[in-house]
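Welcome, and thanks for opening the viewer. Could you walk me through this structure, telling me what to select next and what is there?

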Amino acid sequence: MNLLEKTLAAIEGADRMAGEQAQKRLDSLTKPPGSLGALENIAVQLAMIQGRSIPVSGPKVVMVMAADHGVVEEGVSAFPQEVTSQMVINFLNKGAAINILSAHAGAKVAVTDVGIKGNAIDHPNLYIRKIRPGTRNMAKEAAMTEDEAVAAIEVGIEMVNMEIDAGAGLVATGEMGIGNTTPSSAILACISGQSLESITGRGTGLNDAGLKVKQAVINKALALNQPDPDQPLDVLRKVGGLEIAALTGVILGAAARKIPVVLDGFISTAAALLAYKFNKNCVDYMLASHLSQEPGHRIMLDLMGLKPVLHLDLRLGEGTGAVLAFHLVDAAVRIISEMATFEEAGVSKHA
């Protein structure tokens, strides 16, 4: 068995009994039942994941996977491809939004090069696990070979295992890759069967003409490659991305280790959808942070039965929405662990 097969075999459903115990405690606290809404749901899910009635919030890490996309040569992005490596350097120099928000949340940012095109980035804090310098152009051929796709998934599993072994108790997904809303839309179109018009957004700011080009390119890639919607590896290798593959591995790896994963936006959720297709149990370990401006994001979340907790009109990526949700996870843990029960506070529970 390779690392991917071993990881998939290790993913079990979360502990429902621990969730029930957590709900009983929440209902005993000095508040009307359910009155803290999503915070209570988060606390119950964490309890199920951790197998304990009162969950804890461990050290936090944002796993930022970076790679380029051959399909950019079709004119699907408002930004040039070299921005991928430029922004990765910005991450490493702690100048990007993800760095500021992660510092605010007390989270580590771990950046991995899975497939950046161009000159190698020399920085002591960059993990270099390059599978190839960007995917092939999916409008002309499959984006990856099967071996490349598996290797990229296993990079994600390897990296998240390394962070968990170092103590991480809460993981967020982040990414950087110019053009990556195009493969994400292609993945969703294939798996959902919904029209490209309803699921394809403007990415980093395409105009109307650019959006039409993007939709035509995705349509061409799907017609050419004919990915099988029931085979996530086939979808990934034909119309996916190296960073999307690595994030799929991060999610699968965290689920196998019973560690909660906070999903970011559209690209991260494309990876989550693939992970879900690999093993449906992994959805038990996913928390949806926010609903992005990309129209396909809600469809992806609905396919997995996930409900976002933030609605902030974000469309940056990097893991920014997921890191903002770290604060809500901390709040949920403090509520269930520190709030007084009716009995402890001497408050009458019923009139």
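How do the residues of the lining of the second largest pocket divide into nonpolar, polar and charged? They divide into 16 nonpolar, five polar and three charged. Here Ala, Val, Leu, Ile, Met, Phe, Trp, Tyr, Cys and Pro count as nonpolar, Asp, Glu, Lys and Arg as charged, and the others, Gly among them, as polar.

Before going on, note that this is a predicted model, in which local features need pLDDT of at least 70 and side-chain atom pairs count only at pLDDT 80 or more, while totals for chains, interfaces and linings use all residues. Residues are numbered from 1 along each chain as its sequence is written, and side-chain values use heavy atoms, with hydrogens and water left out.

**Stop 1: the second largest pocket**

Select Asn-41, Ile-42, Gln-45, Met-286 and Lys-307, which lie nearest the centre of this pocket among its 24 lining residues. A pocket is found on a 1 Å grid over the protein atoms alone, as an open set of points where a 1.4 Å probe fits, with protein on both sides within 12 Å along at least five of seven lines; lining residues have an atom within 4 Å of a point. The space here is about 430 Å³, a volume being the space filled by probe spheres set on the points, with grid points joined across faces, edges and corners.

Now colour helix H2 (16-28), helix H3 (37-50), strand S6 (286-288) and H14, each of which supplies at least two residues of the lining. H3 gives the largest share, six residues. Helices (H or I, at least four residues) and strands (E, at least two) are DSSP runs, numbered from the N terminus.

**Stop 2: the largest pocket**

Next, select Asn-180, Thr-204, Arg-315, Leu-316 and Gly-317, the residues nearest the centre of the largest pocket, which is lined by 33 residues. About 510 Å³ of space lies in this pocket. Helix H4 (83-92), S4, H12 and H14 each supply at least two residues of its lining. By class, that lining has 12 nonpolar, 14 polar and seven charged residues.

**Stop 3: strand S1**

Select residues 60-67. Eight of the eight residues of strand S1 are buried, so the strand is largely enclosed by the rest of the structure. Buried means under 20% relative accessible area, exposed over 50%, and partly exposed in between (1.4 Å probe, protein chains only).

In a regular strand the side chains alternate between the two faces of the sheet. In S1, Lys-60, Val-62, Val-64 and Ala-66 are on one side, Val-61, Met-63, Met-65 and Ala-67 are on the other, and both faces are covered.

Two strands pair if DSSP finds at least two bridges between them. To see individual partners, look for Lys-60 with Ala-107 in S2, and Met-65 opposite Glu-175 in S4.

**Stop 4: salt bridges**

Stay with Lys-60 and show Asp-330: their side chains meet in a salt bridge (3.1 Å, N to O). This pair links distant parts of the chain, with Asp-330 in helix H14 (residues 320-338) and Lys-60 in strand S1, 270 residues apart. Lys-60 is buried at 13% relative accessible area, whereas Asp-330 is partly exposed at 23%.

A salt bridge is a side-chain nitrogen of Lys or Arg within 4 Å of a carboxyl oxygen of Asp or Glu, and by this rule the count comes to 15. Another one joins Glu-40 and Lys-31 (3.0 Å, N to O); Glu-40 is buried at 3% relative accessibility, and Lys-31 is buried at 7%. For a network of salt bridges, select Arg-132, Arg-136 and Glu-148.

**Stop 5**

Which helices pack against the buried residues of H10? Select residues 232-239 to find H10, where seven of the eight residues are buried, so the helix is largely enclosed by the rest of the structure. Its buried residues pack against helices H6 (146-165), H7 (181-192), H9 (208-225), H11 (242-256) and H12 (266-278).

Finish in H6 with Glu-154, which is buried at 19% relative accessibility. Beyond residues up to four places away in sequence, Glu-154 touches Asn-2, Leu-3 and Leu-4 (contact means heavy atoms within 4.5 Å). Glu-154 and Asn-2 are 152 residues apart in sequence and 8.9 Å apart in space, C-alpha to C-alpha.
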